[in-house]
Amino acid sequence: MASSSTSRSESSSHLTHVGEGLPRVDSEPSTKFAPVESFEVQEAASLSPATVSSSKHWRRRLQWAFWLDHPRVRRAWIYFRGPRPKVNLSDPAPFLSLTFHAGRKAYSLALEPAWIRLTRAFTNPWLFVILVVGYIIGFAFFARAQSFITPADSFIGCTATYWAANDGCGLNGQGCAPFTNATFDFRCPAQCSKVVLQNPRTVGDQQPDFVPLIVGGGDEQQTYRGDSFICAAAVQAGLVSDSKGGCATLELTGNFTNFLPFTGHGLTSIGFPTIFPLSFRFHDTTSLTSCSDLRNEALAFNILITAFLFLVLRPKPVVLYWCLVCIGFWHVTLFSQPRASPPPLDTAFEQFLPTLFVAYAFWRLAFRFTLPAFRKTPIEATVWYLAPYWTGVLTNLTTDKIPIDRLVGSDITSRPGGLTALIIIVLILLVIVVNQVRVIRKTGWLPWYLGWYIAGGLVTLVLSQLPGLELRLHHYILAMVLMPGTGFPTRLSAIYQGFLLGMFLNGVAAFGFDSILQTPADLRRDAPLGSDLPSFATNSTSFNASVPFLNQTIFWNAFPEGEGWDGFALLVDDVERYVGTALNYSLSALEPGLIHFFRLAFTSSGSSGDFTMSATLYPNGTWVDPLPGPS
């Protein structure tokens, strides 16, 4: 870059390694351009015929003939390609060098140089080595206290439950036994209130979605249905802190009737007005210790360390960059978004090596042209890099309120506000891209960058058309795509680099290098399969309420021939009560004074398809037909 020998060498390296061997469109003499100068468009009329005729290559003669016949096209091309020869942008002028005028006198306040002089004694490399050793030791103690003191079998995730959805527990729920006489000491991570259902979950005749699944808790003993998220229920009950996590003890209490809704500690549960075979209650005390989630303390520790690196120690830009890569990756892996509790270190190291390879590419393509430009402005570098960097590392928190979980059409359209949020994000991204294109054009590198992005777009288009696969743009992929376009010494480029690096580290540390192509089954999660749906023969007009409840039988229609179905599965009050080929079910085993819910699915070789929505039978004999569609 223009203002320092270090940045100059980096920029010349950019020109040498990236632009070497590119063909020139014209043969006009090279003109020197200062970084702050603009270039003038040369009129086609001023071209010398001798210059054209002296060219030995027929393609070049054709090009000159075309330019002579189309001067406007040539002017547009010259504007688009930028100056020739290519130029380097000057380093940003420091913001914090201020000048005050008092009458005829001027007073300068150069904060950046003053800070550099004040902290010069701390830039000794040995101090940096000492800090690295101390950091590794301190971070290891943090990680041990976070995940490796409490017994490993006591850790549960935010979505842990005792009961699986639909027929996941088998006939009469035997796959989820025992239902009573069992206690469990458990530890929950922090921020479980933000872990929500990503698809509607049927509970009776309700379908909660995009909320933690909590059923019950409103009675005097705070009884929860067995499929409630245990940690979210513990937060609602006040036994576990949402910000710090914590430990608690629960006891399975078996059958319970009439789970009441409840609101507490920012969470609201739903009710279930009939019987369910598995429920649990919390104890007031627990035997577990060392239960606090230390992610907030670890975050403060790491932010201070990175700020100290930028402001005080100020190692070489390449060393500073690799510090950011390592700190961000291991913070996500061990604290902010671990894959499991305790974190699987073998999986973490498995992802760490390829992360370093991609990070090296980031350095070569982008960071080495921008980070050195702020070598003499450490305060600015701290602001421009660290604020967006930690915003990206904590993507799971900073983007939590955006109603988009995945860039998949079904997710975006199903969540309220998802399409609007996507449009806003695209518009913001468009403004950023247009501004960055303007910067790149000033250097003369726009055709080169545009060519590579067009090639990448065409490859992606081909991949998206492969049969049986769907294109999935993970956020780590977006960071990899956008990072090369930020390799210029501007403040906005520094901001983009910080955020994209943090977002990349969050993606690969929390989820790994997931494929850009995935099958529909990979993307479905627990959404409906899209299979055929059976239908009840019993309906609101044919149900005879005058027949005693214990003598009632409900009926359904036969499965279609040639579709591969060989039976039925019936859920009664969200528990699988029948599997077979019969076309009816007796209600004699049900309690007549309660509401009951019925859902039906086809089966094939023991595997069920989608279940219908709930048909509801009230104690007074009123039958309510199920709504259309799967549950």
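**View 1. The disulfide of Cys247 and Cys291 in the predicted model.** The torsion about the S-S bond of Cys247 and Cys291 is about -100°, so this disulfide is left-handed. The partners come from distant parts of the chain, 44 residues apart: Cys247 belongs to strand β5 (residues 246-253), while Cys291 sits in the loop between β10 (279-282) and α8 (295-313). The two sulfur atoms are 1.9 Å apart. Both Cys247 and Cys291 are buried.

**View 2. The disulfide that joins Cys188 to Cys231.** Here the S to S distance is 2.0 Å. A torsion of about -95° is found about the S-S bond of Cys188 and Cys231, so the disulfide is left-handed. Cys188 lies in strand β3 (residues 180-188) and Cys231 in helix α7 (residues 230-236), so the pair ties together parts that are 43 residues apart in sequence. Cys188 is buried, and Cys231 is buried as well.

**View 3. The disulfide formed by Cys169 and Cys176.** The sulfur atoms of Cys169 and Cys176 are 1.8 Å apart. The torsion about their S-S bond is -75°, a left-handed link. Cys169 and Cys176 are both buried.

View 4. The surroundings of the two residues may be described by their accessibility. Cys323 has 15% relative accessibility and therefore counts as buried. Cys326, with a relative accessible area of 29%, is partly exposed. Elsewhere, the count of disulfides comes to four. With bonded cysteines counted along the chain, the disulfides of the protein chain follow the pattern 1-5, 2-3, 4-6, 7-8.

**View 5. A nonpolar patch on the surface, with Val129 among its members.** The patch is formed by Trp126, Val129, Val133, Ile137 and Phe141. Together these residues have about 560 Å² of accessible area. Val129 is located in helix α6, which spans residues 125-147. Val129 counts as partly exposed because its relative accessibility is 39%.

Terms used:
Residues numbered from 1 in each chain as written. Predicted model: local features only at pLDDT ≥ 70, side-chain atom pairs only at ≥ 80, totals over all residues. Heavy atoms only, no water. Patch = residues over 30% accessible without salt bridge, like charges linked within 9 Å, V, L, I, M, F, W, Y side chains within 5 Å. Areas by Shrake-Rupley, 256 points an atom, 1.4 Å probe, with all protein chains shown as cover. Salt bridge = Lys/Arg side-chain N within 4 Å of Asp/Glu carboxyl O. Helix = DSSP H or I, 4+ residues; strand = E, 2+ residues; numbered from the N terminus. Buried < 20%, exposed > 50% of the residue type's maximum accessible area, 1.4 Å probe, protein only. Disulfide = S-S within 2.5 Å.
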